[in-house]
Amino acid sequence: MRITLYAVGNKMPAWVSQGFSEYCRRFPRDMSFHLVEISPGKRGKNADIARILEKEGEQMLAAIPKGNRIVTLEVEGKPWTTPQLAKQLDRWHVDSRDVALLVGGPEGLAPACIEASEQKWSLSPLTLPHPMVRIVVAESLYRAWSINNNHPYHRE
């Protein structure tokens, strides 16, 4: 199974790239984790935010291979504890489809992305900085994998 995080934004600080890469490196070959960055639309004083969101959504959906399970990360999504995420990860693995996790830009995800999702996941009721979301998702998934595989990374 391949898990890919599709995230609006690029030019992340070095600590974000390093942290994300560290967790990606730890995943086993049979469950790889990757990142696809979607270029954000130009936001200015008189920007058409609805049009920018629509374009970001089109780019995001076009980048996802057909047949992937689409999971959007949204404040209104379902919050999962670490053990619940481990069970989700196991279900995804049994389903044998690749998983596309979608993270929007400053205004969130395009309506088309939300409509295409099979699941909605909330990391927190807080609004998190988008660069940090990448690391939190990667660490959370790695921890869930470690639970499912009796790896010592997660100690309860």
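**A note on the cavity, sheet and loops**

1. About 40 Å³ of space lies in the largest cavity. A cavity here is a set of points, on a 1 Å grid over the protein atoms alone, where a 1.4 Å probe fits but cannot get out. Its volume is the space filled by probe spheres set on the points, which are joined across faces, edges and corners. By this rule there are two cavities of 30 Å³ or more.

2. Before you go on, note that this is a predicted model, in which local features need pLDDT of at least 70 and side-chain atom pairs count only at pLDDT 80 or more, while totals for chains, interfaces and linings use all residues. Residues are numbered from 1 along each chain as its sequence is written, and side-chain values use heavy atoms, with hydrogens and water left out.

3. What lines the largest cavity? Look for Leu5, Ala7, Val8, Met12, Val103, His130, Pro131, Val133 and Arg134 (lining residues have an atom within 4 Å of a point). Two elements, β1 and α5, each give two or more residues to this lining, and α5 gives the most, with four residues. Helices (H or I, at least four residues) and strands (E, at least two) are DSSP runs, numbered from the N terminus.

4. The largest pocket holds about 400 Å³ of space. A pocket is an open set of points with protein on both sides within 12 Å along at least five of seven lines. It is lined by 21 residues, and the closest to its centre are Leu73, Glu74, Val75, Gly108 and His130. At least two lining residues come from each of β3, β5 and α5 (130-148); the largest share, four residues, belongs to β3.

5. Now find the open sheet: five strands run in the order β2-β1-β4-β3-β5, with parallel pairing. (Two strands pair if DSSP finds at least two bridges between them.) At the edges are β2 and β5 (119-122), each pairing on one side only. Strand β1 (residues 2-8) joins β2 in the parallel sense over seven bridges; for example, Tyr6 has Val36 in β2 as its bridge partner.

6. Ser32 sits in strand β2 (residues 32-38). Is Ser32 buried or exposed? Ser32 is buried, because its relative accessible area is 18% (buried means under 20%, exposed over 50% and partly exposed in between, with a 1.4 Å probe and protein chains only). Leaving aside residues up to four places away in sequence, Ser32 touches Met1, Arg2, Ile3 and Phe27, where contact means heavy atoms within 4.5 Å. Asp98 is 66 residues from Ser32 in sequence, yet their C-alpha atoms are 9.8 Å apart in space.

7. Helix α5 holds another serine, Ser146. Its relative accessible area is 1%, so Ser146 counts as buried. A polar atom of the Ser146 side chain lies 2.6 Å from the backbone oxygen of Arg143.

8. Finally, a friendly look at two loop residues. Most residues other than glycine have a negative phi. Lys11, in the loop between β1 and α1 (14-26), has a positive phi near 55 degrees. Ser96, in the loop between α3 and β4, also has a positive phi, about 65 degrees, although it is not a glycine. Lys11 is exposed, because its relative accessible area is 79%. Ser96 counts as exposed because its relative accessibility is 59%.

Terms used: A polar contact is a pair of N or O atoms within 3.5 Å; within protein, one must be able to donate a hydrogen and the other to accept it, and residues adjacent in sequence count only if both atoms are side-chain atoms.
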